[in-house]
Amino acid sequence: MAVAACSTDFTRDSACRNGHAAAHLKFISIFLIFFTSVIGVSLPVLLTRFFHGKPLYDKAILIIKCFAAGVILSTSLVHVLPDAFDALSDCQVASQHPWRDFPFCGLVTMIGALLALLVDVTATSHVEHSHYNPVETEEKPRTDSAGDIGLLVSVDSKSEMGNLGGGSCHRRREGEEELVKLKQKLVSQVLEIGIIFHSVIIGVTMGMSQNQCTIKPLVAALSFHQIFEGMGLGGCIAQAGFSFTTTSYMCFMFSVTTPMGIVLGMVLFSITGYDDSSPKALIMEGLLGSFSSGILIYMALVDLIAVDFFHNKMMSSNQGLKRGCFVALLLGSASMSVLALWA
């Protein structure tokens, strides 16, 4: 039964297989996807730099970040994970051992999420110990001339201690703000790693494909896909407050990853002759897709949505802003989910 299904799929796809037409479409997609990726990831960064210091800046960046969280969550659950499941469920793979014996897609997704948690916890612990050292404000007991132990200092000294205590509280607040910034930078970097995995998979899959019927709708759909995904990543990069050089580097890496993946896929096909429908390519696509999906799910739910909706003081004190952020989250999720109709 499985062999018959594979044969039927092959017969249906063979009419669309045209290497020359597919290569022409791929070259167009390289430049188009690069251009749309640059627009998507740069737009939030440029907007935040332009509006920085304005009265509505903090609220605007929070709404952009919630929209970004919706995009990333939808990317992982509606795009990446189903594609990975389909790749490992293909009859050429699912009929073989050990792929037919165990749900590897769910297992590798879980591994990706747990690994993201491990990186998050380890890096946060390192940041806390390296950059945040609370100042001791307790006065040690001392002995006066009468021999009493534990007697506090005089009134004048207490006044000075009050000033010192205020300074230490100020330093503590600065340390906490610095810790939040470093945490945001860590989130942006881990998030980009997960997105780059996903982008490489998309690019290599398209580059190895010889099916022009599949590539045609993908070119348009992936262009919009990169705009929304770039906005998601760009919003997180903008809030993290990286230097201009680091911001430019992260935006550049996102923009070139999918085009480079397409080129890599074309090179792999020319060397090995494997296309996107070969069992080895499907297994690699399924495993890498599952892994990146786990990373993206963790980052979207834990480091983006949970942090903003449960631990952000500005949102908790403003119910109107909270509703606006939830609407932005829904719009981000919906915009990315609709693209699943084509890619």
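# Exercises on a predicted helical model

L43 is found in helix α2, which spans residues 19-51; helices here are DSSP runs of H or I of at least four residues, numbered from the N terminus. This is a predicted model, in which local features need pLDDT of at least 70, side-chain atom pairs count only at pLDDT 80 or more, and totals for chains, interfaces and linings use all residues. Residues are numbered from 1 along each chain as its sequence is written, and side-chain values use heavy atoms, with hydrogens and water left out.

**Exercise 1.** Determine which residues make the nonpolar surface patch that includes L43.

*Solution.* Begin with accessibility: L43 counts as partly exposed because its relative accessibility is 40%, the class between buried (under 20%) and exposed (over 50%), with a 1.4 Å probe and protein chains only. Next, apply the patch rule: members have over 30% relative accessible area and no salt bridge, and nonpolar side chains (Val, Leu, Ile, Met, Phe, Trp, Tyr) are joined within 5 Å. The patch is made by L43, L47, F50 and F51, and covers about 380 Å², an area from the Shrake-Rupley method.

**Exercise 2.** Locate the salt bridge and state how accessible R100 is.

*Solution.* The criterion is a side-chain nitrogen of Lys or Arg within 4 Å of a carboxyl oxygen of Asp or Glu. R100 is exposed, because its relative accessible area is 55%; D101, at 46%, is partly exposed.

**Exercise 3.** Describe the surroundings of Q226.

*Solution.* Second, list contacts (heavy atoms within 4.5 Å): beyond four places in sequence, Q226 meets I33, T36, S37, G40, S199, F254 and T258. Third, the side chains of Q226 and T258 are joined by a polar contact of 3.3 Å. Finally, S37 lies in helix α2, is likewise buried at 0%, and touches Q226, F254 and S255, leaving out residues up to four places away.

**Exercise 4.** Identify the residues that touch the most other members of the largest nonpolar core.

*Solution.* A nonpolar core joins buried Ala, Val, Leu, Ile, Met, Phe, Trp, Tyr and Cys residues through side-chain atoms within 4.5 Å. Among the 43 residues of the largest core, the answer is L191, L233, M299, L304, F309 and C325. Elements giving two or more residues to this core include α2, α3 (57-89) and α6 (155-208). Apart from it lies another core of 8 residues, among them A87, W99, C105 and L282.

Definitions and conventions. Patches are made of residues with over 30% relative accessible area and no salt bridge: like charges are joined within 9 Å, nonpolar side chains (Val, Leu, Ile, Met, Phe, Trp, Tyr) within 5 Å. Accessible areas come from the Shrake-Rupley method with a 1.4 Å probe; for residues, only the protein chains shown count as cover. A polar contact is a pair of N or O atoms within 3.5 Å; within protein, one must be able to donate a hydrogen and the other to accept it, and residues adjacent in sequence count only if both atoms are side-chain atoms.
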